[in-house]
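Q: Could we go through this model together, beginning with the overall fold and then moving to individual contacts?

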Amino acid sequence: MLVAQTLEPDEPELAVRDILAQLDLDRGLRRNSACIVHCNDAFMESGVAKAVCERLPFPTVGINTFLNSSSGGLTDSMLLTASVLTSDDCRFAAGLSAPMGGGVAGPAARLYVETENLLERRPAMGLVFAPFISTLATGELMVEALDEASDGVPFFGTLAADYTVSLRRPKVIHNGESYPDRASMILIEGPVEPRFKVFPVSLSRSIRQKAIITDARDNVILQVNGMPALDFLESLGLCREGQIQGVNAIPLSLDRADGSDPVFRTIVSQTSEGGRVIGGKAHPGALLGIGALDREHILCGARLLSSRAGLSSGPLLIYSCLSRNIVLGFNYTIEADQLKAGLQRRFPYSFAYSTGEICPLPVRGGRWRNAFHNMSLVAASV
């Protein structure tokens, strides 16, 4: 992985020179390459992100994000990072989906098939960059569709995360263009044995008293224990005057009672009728619990990841849920700083905040099961 960063959001030519000088492509580039871009939305609005992508002689994909960092040394909100995966032995194929505003499954499946057709063999893994569409359980639906279309190819990635005081204009990048409702993808073919790690919210931090989701639609919880979702949260002291206190930072645990592990979902927003919009499917009949995130739990995950336990020595891609950053308050760079201190430029890595994390979980036989997460820190070594 070759990494370059620029703090120049306004002048495209200055930013391009900055990135190209750090990448030193004449010396570092191998036979096949692809690039992942993380940047503030300002770089998209000014044309800087497009100019950088157009000057790179290989496919580019990525997202806009609230904050990112890398082994290049910088951590900032107003930052563009280009992370180039390059190899003599692996091949890369990039693709862009159709718009997903009307549904996720069809465009996601076609994206995989069309991108796989650019390769000679079944890919070893995929990197996916998805839009955040509040009316859909985008990440969860995308993982399900990709898993079925690919017959279990492991996928790692993120949902776009443009944020100021609230979610603003999350966008996905593909070859310099940006899209609010499409997904982009890189498939990697060749001798790659990726390893993945998830650091979720701890189940021990959820309240023991569970409730039941008695009515839900898509990714909206309508009723809990037979009462409106708003009334239920008010009974726990989590709402005041009809508004959630600490929205985006309250982990909800959902136990679907189907033998699978419970998952944590964030509260994204609320509907005009008082329903709670969450960052994944709202399953009627699921047991609902309320969890908690705190600074020490977040930093513990970053320290464990820095030790690379369970990961290979290859380059790291790392995503952390935006909710974790909100919990950190004014110390909003401390998770990124902890990763930088632990990895100490010994390994190339790229880190960014997300609104949903796509990362496989281990299953028996050394295999992986694709999964979607909220409020987690996830990593892939490639």
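A: Helices, as counted here, are DSSP runs of H or I with at least four residues, and strands are runs of E with at least two, numbered from the N terminus. The model is a predicted one. On that basis the protein chain has 10 helices and 29 strands.

Q: Among contacts between residues at least 6 apart in sequence, what share joins residues at least 24 apart?

A: The share is 78% in the protein chain.

Q: Let us turn to helix α4. Which of its residues are buried?

A: Helix α4 covers residues 48-55, and V48, A49, A51, V52 and C53 are buried there.

Q: What do those buried residues pack against?

A: The buried residues of α4 pack against the helices α1 (12-23) and α3 (41-45), and against the strands β2 (32-39), β3 (60-64), β6 (80-87) and β10 (172-174).

Q: Now salt bridges. How many are there in the whole structure, and which partner does R55 have?

A: A search of the whole structure gives 13 salt bridges. R55 pairs with E13, with 3.3 Å between the closest N and O atoms. Because R55 belongs to helix α4 and E13 to helix α1, the pair ties together parts 42 residues apart in sequence.

Q: How accessible are R55 and E13?

A: R55 counts as partly exposed at 43% relative accessibility, and E13 counts as partly exposed at 42%.

Q: Which residue forms a salt bridge with K50?

A: K50 forms a salt bridge with E177, the closest N and O atoms being 3.0 Å apart. K50 is in helix α4 and E177 in strand β11 (residues 177-179), so this pair ties together parts 127 residues apart in sequence. K50 is partly exposed at 33% relative accessibility, and E177 is partly exposed with a relative accessible area of 33%.

Q: What about E140 and R265: buried or exposed?

A: Both E140 and R265 are buried. They form a salt bridge whose closest N and O atoms are 3.5 Å apart. This pair links distant parts of the chain, with E140 in helix α6 (residues 138-150) and R265 in strand β20 (residues 263-270), 125 residues apart.

Q: Changing topic to aromatics: how many pairs does the search find?

A: There are 8 aromatic pairs in the whole structure. In one of them, F351 and Y353 have ring centres 5.1 Å apart and planes at 80°, so the pair is edge-to-face.

Q: Why does 80° count as edge-to-face?

A: Planes over 60 degrees apart count as edge-to-face, so the 80° between the rings of F351 and Y353 falls in that class. Both F351 and Y353 are buried. They also belong to a cluster linked by ring pairs, together with F66, Y163 and Y332.

Q: Where does R308 lie?

A: R308 lies over the face of F347, at 4.2 Å from the ring centre.

Q: Lastly, the backbone. Where is N175, and what is its phi?

A: N175 is in the loop between β10 and β11. Although N175 is not a glycine, its phi is positive, at about 50°. N175 is partly exposed, with a relative accessible area of 37%.

Q: And D218?

A: D218, also not a glycine, has a positive phi near 55°. D218 is located in the loop between β14 (211-217) and β15 (220-224), and counts as exposed at 55% relative accessibility.

Definitions and conventions:
Residues numbered from 1 in each chain as written. Predicted model: local features only at pLDDT ≥ 70, side-chain atom pairs only at ≥ 80, totals over all residues. Heavy atoms only, no water. Phe/Tyr/Trp six-rings, centres within 6.5 Å; stacked < 30°, edge-to-face > 60°. Buried < 20%, exposed > 50% of the residue type's maximum accessible area, 1.4 Å probe, protein only. Lys NZ or Arg CZ within 6 Å of the ring centre and 35° of its normal. Contact = heavy atoms within 4.5 Å. Salt bridge = Lys/Arg side-chain N within 4 Å of Asp/Glu carboxyl O.
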